[in-house]
Every structure is written in C-alpha cells, then in structure tokens.
Amino acid sequence: MLRKRKLGRNISEITVGEKLVINAKMEDKDLLLYLGLTDDANPLYIQHDYASQTPFKKPIVPAVMLTGMITSAISKYLPGPGSYITKQEIHFLKPVYHYEQLQFLFEVTEIDEECHHIAIAVEAIRQESEKVLEGTLSVCPPYALPTLDSWALENF
C-alpha cells in the first residue's frame, strides 16, 4: 500500500527570520556514489597524486555535491516536501576537502505570498569560523491542496 507523504509547510506557516542548521561530513562513500552516478572522472575530485600538484594540495568535493546538500535541506526541512527551488545563486568561496565537517545555515529573508515564493539565504561554514560558500535561493513552498472528496476521484 502506498502511503501519502506529508507535505512541507505552506507559505502562510513560514516567517521571516526562521533558521535551519544542518551538519554534514564529506565522506568518501558519498563522493564515490556521486562520481559513479554522474560518470564524472575529474582527477581533482579523487586522485591524490594529481590534486597534490595543484594549488588545492588535495582532492576537493565537487561544487554540485554541496549544491545537492542545499537542495536536499530545502526538500526535507525548509519548507519541506513539495517545495521547489526556482532560482539559486551560490558562491563557492573556498574549496571543501574530503572528510571535512560543514555546517549549513539557512535563513528565510523574504516572503512574497502574492508570487508564492520565499527567499532563503544560505552559507556553509567549516570549523565554526571559515565560510566556504554563501548564496540565496528563491523557493516555491508546497501548495495547500484541497481535501479529497468523491468529485476528485471521478477521473480515476
């Protein structure tokens, strides 16, 4: 039996200043899974011998993986399931290395009920002080759905 998944919060339930903190560690298993799924063989991500000869000195985490962690937090928590990112601008300020622990900080900065969008600022910090990325997201929160009645089932 398929269970209906609970939706995230409606735009009327969200407030400016609301915050979310997510902690994530950059693990090899996650990097290898990403690289395998995307067939991305960039030596800067996995080859220690190559990366050691670059200004980075060791392999780095792909920027798109960090972006994925951000979009996952939006889909899971703020505003949650049923939400959709319509625009994002993310600046990758410093490289992120394998095994690092990051703290992602999200804050609702604007709500536009008429356009059904919220603005969320995001940043990621390593070791509690060094900012490695910052950005803004425009998010469409889940829509409140009408309750189902017999009329809604006539098309099935």
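Let's start at the hairpin of S3 and S4: four residues lie between the strands, and His116 takes a positive phi near 55°. Strands here are DSSP E runs of at least two residues, helices are H or I runs of at least four, and both are numbered from the N terminus.

A word on the model. It is predicted, so to speak of local features pLDDT has to be at least 70 and side-chain atom pairs count only at pLDDT 80 or more, while totals for chains, interfaces and linings use all residues. Residues are numbered from 1 along each chain as its sequence is written, and side-chain values use heavy atoms, with hydrogens and water left out.

**The strands**

Two strands count as paired if DSSP finds at least two bridges between them. Here are two such pairings.

| Strands | Sense | Bridges | Residues standing opposite |
|---|---|---|---|
| S1 (residues 19-25) and S3 (residues 101-112) | antiparallel | seven | Ile22 and Phe104 |
| S3 and S4 (residues 117-126) | antiparallel | ten | Ile111 and Ile118 |

**Helix H1**

Which residues of H1 are buried? In this helix, residues 28-38, they are Leu31, Tyr34 and Leu35. Buried means under 20% relative accessible area, exposed means over 50%, and partly exposed is in between (1.4 Å probe, protein chains only). These three sit on the same side of H1, because they cover an arc of only 95° around the axis; the arc is taken from the directions from the helix axis to the C-beta atoms. As a reminder, an α-helix has 3.6 residues a turn, so residues three or four places apart point the same way.

Turn to the face away from that buried side and you'll find the exposed residues Lys29, Leu32, Leu33, Gly36 and Leu37. As for the buried residues, what covers them includes helix H2 (43-46) and helix H4 (63-76). Just after H1 comes Asp39, with a positive phi of about 55°.

**Leu7**

Back in the segment before S1 sits Leu7, which is partly exposed at a relative accessible area of 35%. Where do its contacts lie, leaving aside neighbours within four places in sequence? They are Pro81, Gly82, Pro142, Tyr143 and Leu145, contact meaning heavy atoms within 4.5 Å. Leu7 and Ala144 are 137 residues apart in sequence, yet 8.6 Å apart in space, C-alpha to C-alpha.

**The cysteines**

If you're wondering about disulfides, the structure holds zero, going by a cut-off of cysteine sulfur atoms within 2.5 Å. Cys115 is partly exposed, with a relative accessible area of 47%, whereas Cys140 counts as buried at 10% relative accessibility.
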